[in-house]
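Please read them with the structure open.

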Amino acid sequence: MTTTRMEGSCLPSYRTLSTLALSEPEDHVRELTDWVEHASAVSGARNSWDTAYKWLRLAQGLRTVTFDMSYDDGGMCSAGLDFDAVWTEMMEEWQQHQFRLGYLRAALEGFVRVLHQDATEPGLAVEAAEQRLHHHGDAWLVHARAVTDHLRTHAPDGVPGAGTPVAAAVTQAIALHEMAVRGRAAIPEPDSDADGNVFPTGHAEVCAVKEASTVLLLGIQLLMAAAVQEDRVAVFDDKYLLDGMWIPDSSGGSRWVDEEMPYGEYLAVLHLQPGEPPEL
């Protein structure tokens, strides 16, 4: 018999705020893809830019992953059927995030090849972007530090030599993906209690991959922000916030915006949930 019992879900507080909450990866990547559609590298490497963009589009287009973990053993008991049904649902969720992480890694590495041809690792390019933005007094992307801190709870060993928070987290996220690619990641299985109730596990594994995807998205945002400052990426048009959204204000709070915003400015807030409009 299956049950909805949870072993302890992983839901960081920055995803549950009433305003300025961090978007889910599927929404985050949709907005970042829209931004890249309105930007281009200023000099050369058009094919490389387009390839990186297409990997981002793959991440944006991912909706579901289908699995069937059952097999015919010639007379499986009902407990076995329950186990396979729960395992199927677990793998569909986990692997959806794994696929998205892989596509985002390909996109990030592609944009690094365009914008930082001398960088030997994506983390180094993101570190350079972070340092440039910090040097020019730009505020951190909202929740960036919280996301990197949370990812460390899933990968506590850290990254030796990493100098900036998002760069360190990008390296951790890539290492997490590499473990799966090389078959070293443990595959979670359902558990059961004394009454034979089968319930899902693996919430920490799902959360780790989900937040790793967010880290790579934030890394791409930082790369683009620094490149725009350096006039290596040009941005066109305005973003039409027809339904409005909450964005940070200069006093540390938030304000409601329901008008056009230059895409250059929208880059700093596209990872945030719009939120509910203010009461009139």
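Contact here means heavy atoms within 4.5 Å. Helices are DSSP runs (H or I, at least four residues), numbered from the N terminus. The model is predicted, so local features need pLDDT of at least 70, side-chain atom pairs count only at pLDDT 80 or more, and totals for chains, interfaces and linings use all residues. Residues are numbered from 1 along each chain as its sequence is written, and side-chain values use heavy atoms, with hydrogens and water left out.

1. α4 with α6. P122, G123, V126, E127 and E130 of α4 touch P165, V166, A167, V170, T171 and I174 of α6. That contact holds 7 nonpolar, 2 polar and 2 charged residues (nonpolar: Ala, Val, Leu, Ile, Met, Phe, Trp, Tyr, Cys and Pro; charged: Asp, Glu, Lys and Arg; polar: the others, Gly among them). The axes of α4 (residues 122–135) and α6 come within 8 Å and cross at roughly 160°. Axes are lines fitted to C-alpha atoms, for helices over the stretch in contact, and angles run from 0 to 180 degrees between N-to-C directions. The pair is therefore roughly antiparallel (over 145 degrees).

2. α6 with α7. The axes of α6 (residues 165–181) and α7 come within 9 Å, crossing at roughly 135°. V166, A169, V170, A173, I174 and L176 in α6 meet α7 residues including A208, V215 and L222. The α6 and α7 contact has 12 nonpolar, 1 polar and no charged residues.

3. α5 with α7. Axes of α5 (residues 144–154) and α7 (residues 203–229) come within 9 Å and cross at roughly 145°. Their contact counts 9 nonpolar, 3 polar and 1 charged residue.

How values were computed:
Helices (H or I, at least four residues) and strands (E, at least two) are DSSP runs, numbered from the N terminus. Angles under 35 degrees count as roughly parallel, over 145 as roughly antiparallel, 65 to 115 as roughly perpendicular and the rest as oblique.
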